[in-house]
2 protein chains.
Amino acid sequence: MQQIRSYFSKLIKLTDQEWADYADCLVKERYPKKSFLLEEGGSCDFIAFVEEGVFRFYHEVEGEEMITAFFFSGDFVTNYRSFLTGAPSEHYIQVLQDATIYKISKKDLHDLYDKHRSIERLGRLIAENLYLMVAKRLDAFHSSSPEERYYDLVNRNSKLLQEIPQYMIASYLGIKPETLSRIRARK
Amino acid sequence: MQQIRSYFSKLIKLTDQEWADYADCLVKERYPKKSFLLEEGGSCDFIAFVEEGVFRFYHEVEGEEMITAFFFSGDFVTNYRSFLTGAPSEHYIQVLQDATIYKISKKDLHDLYDKHRSIERLGRLIAENLYLMVAKRLDAFHSSSPEERYYDLVNRNSKLLQEIPQYMIASYLGIKPETLSRIRARK
DNA sequence: ATCATTTATTGACTTTGGTCAACGAAAAGT
DNA sequence: ACTTTTCGTTGACCAAAGTCAATAAATGAT
């Protein structure tokens with residue numbers, strides 16, 4: 001839980017009281033491998049902080065699983081779109097490695113926004129950071145080849161490479177498993 | 001300027017005082033066709049609202065222009081990454097049609113965040129909305145073919161199709177002009 | 001430890017988009 | 001109006017990723 005506070009402290013300084021109020025809203029939960037944190041059709045009414053474990057965020061397109069993101073220890077896990085809009089999720093969030101998370105509900109978070117200015121500001125800073133992350137990824141899809149995207153991943157995120165099966169990495173990169181296998185083979 | 005207030009009102013209700021303070025920070029500027037609102041290397045210290053005109057947001061990759069976005073009347077125009085991080089822009093923002101905009105500086109906006117809770121909240125809501133837009137576009141690149149992306153555009157944004165030359169649309173879609181021409185030719 | 005299933009690789013072939021070049025149409029400059 | 005440049009289309013060819021199928025390797029279940 002201290003991990004969360006230190007994550008926040010990079011964005012904004014919270015008083016002990018503000019943090020205590022935040023921490024009061026966090027609920028610890030365990031999820032076994034292969035279970036679902038969120039299923040298609042459900043509305044995502046929480047944001048969770050990953051203490052331990054791995055998740056994948058995916059949806060089905062014409063019978064095929066399209067993986068959009070992985071979440072590891074230290075990340076926030078949520079369907080941010082569904083969380084923000086209240087719309088039913090088109091995505092699944094599934095556990096790949098036994099997980100422990102701290103959840104905060106949408107309602108509690110909004111109450112905290114009302115109660116503490118700094119937490120409202122934290123909410124803005126987190127939204128801004130998520131924007132930066134997804135904008136960067138869009139840029140990679142817009143201007144890089146699959147091969148370039150793969151080697152970017154190799155350079156930046158070796159953890160992902162080690163813990164995730166290759167066919168899921170292929171999906172994440174937007175290519176077929178055979179193609180990823182060939183990219184690795186050439187050179 | 002009333003256009004801006006009505007845009008905001010879809011996100012949050014501002015009091016007359018809050019709006020007056022916001023409006024006081026807005027500076028009207030005109031830009032002729034082909035001029036630049038932002039050039040590579042400069043830091044983007046503003047967000048602007050487009051009253052009239054068209055902009056393109058692009059950067060150079062190996063001597064080639066990659067267009068990431070277009071901005072029309074009613075949109076916000078900025079390099080949001082550079083605005084948020086303070087990092088120098090890798091992108092240009094160029095005027096395609098003579099433009100009139102209302103600028104607010106980063107400093108003034110942050111002062112408004114401090115002064116009015118509702119405006120801080122507005123900042124969060126805008127960041128959240130920008131996240132949703134870019135996440136949607138990422139999804140299109142991740143799971144659709146160029147042809148599908150083109151027809152999505154045809155369905156959703158006929159204004160863009162009419163006002164932007166085809167080779168720029170191709171760049172925006174992440175394909176070569178010849179390929180777009182062929183997509184249009186095949187039935 | 002064995003068997004069954006899933007995952008990764010490889011080959012042959014297809015599809016799609018990129019490259020290079022030519023040409024005509026449209027737009028901009030004089 | 002005329003010239004020059006830019007833009008859009010088309011053809012021939014190339015490169016990269018997808019498809020389908022076979023097989024090997026790794027993983028899981030019993």
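The model is predicted: local features need pLDDT of at least 70, side-chain atom pairs count only at pLDDT 80 or more, and totals for chains, interfaces and linings use all residues. Residues are numbered from 1 along each chain as its sequence is written, while chains are lettered from A and ligands numbered from 1 in the order in which they are written. Helices (H or I, at least four residues) and strands (E, at least two) are DSSP runs, numbered from the N terminus.

**DNA strand C**
- A residue is near a strand if its C-beta atom, placed from the backbone, lies within 6 Å of it.
- Around DNA strand C there are 16 residues, and those that come nearest are Pro165(A), Gln166(A), Tyr167(A), Ser181(A) and Thr179(B).
- α9(A) supplies the largest share of this surface, six residues.
- The surface near DNA strand C holds six nonpolar, four polar and six charged residues (Ala, Val, Leu, Ile, Met, Phe, Trp, Tyr, Cys and Pro count as nonpolar, Asp, Glu, Lys and Arg as charged, and the others, Gly among them, as polar).

**DNA strand D**
- Of the 16 residues around DNA strand D, the nearest are Lys176(A), Thr179(A), Gln166(B), Tyr167(B) and Ser181(B).
- Here α9(B) gives the most, with six residues.
- At least two residues each come from α6 and α9 of chain A and from α8 (166–173) and α9 of chain B.

**Helix α8 of chain A**
- Ala170(A), Ser171(A), Tyr172(A) and Leu173(A) of α8(A) are buried (20 or more other C-beta atoms within 10 Å of the residue's own, with C-beta atoms placed from the backbone).
- Their cover includes β4 (64–71), α6 (146–156) and α9 (177–185) of chain A.
- After α8(A) comes Gly174(A), with a positive phi near 80°.

**Chain A against chain B**
- Each of chain A and chain B puts 24 residues into the contact (two residues are in contact if their C-beta atoms, placed from the backbone, lie within 7 Å).
- On the side of chain A that touches chain B, α5(A) provides the largest share, 17 residues.
- That side of chain A has 12 nonpolar, five polar and seven charged residues.

**Helices α2 and α4 of chain B**
- The axes of α2(B) (residues 16–25) and α4(B) (residues 106–115) come within 10 Å and cross at roughly 165° (axes are lines fitted to C-alpha atoms, for helices over the stretch in contact, and angles run from 0 to 180 degrees between N-to-C directions).
- α2(B) and α4(B) are therefore roughly antiparallel to each other (angles over 145 degrees).
- Asp21(B), Tyr22(B) and Cys25(B) of α2(B) make the contact with Asp108(B), Leu112(B) and Lys115(B) of α4(B).

Methods:
Buried ≥ 20, exposed ≤ 12 C-beta atoms within 10 Å, placed from the backbone. Parallel < 35°, antiparallel > 145°, perpendicular 65-115°, else oblique.
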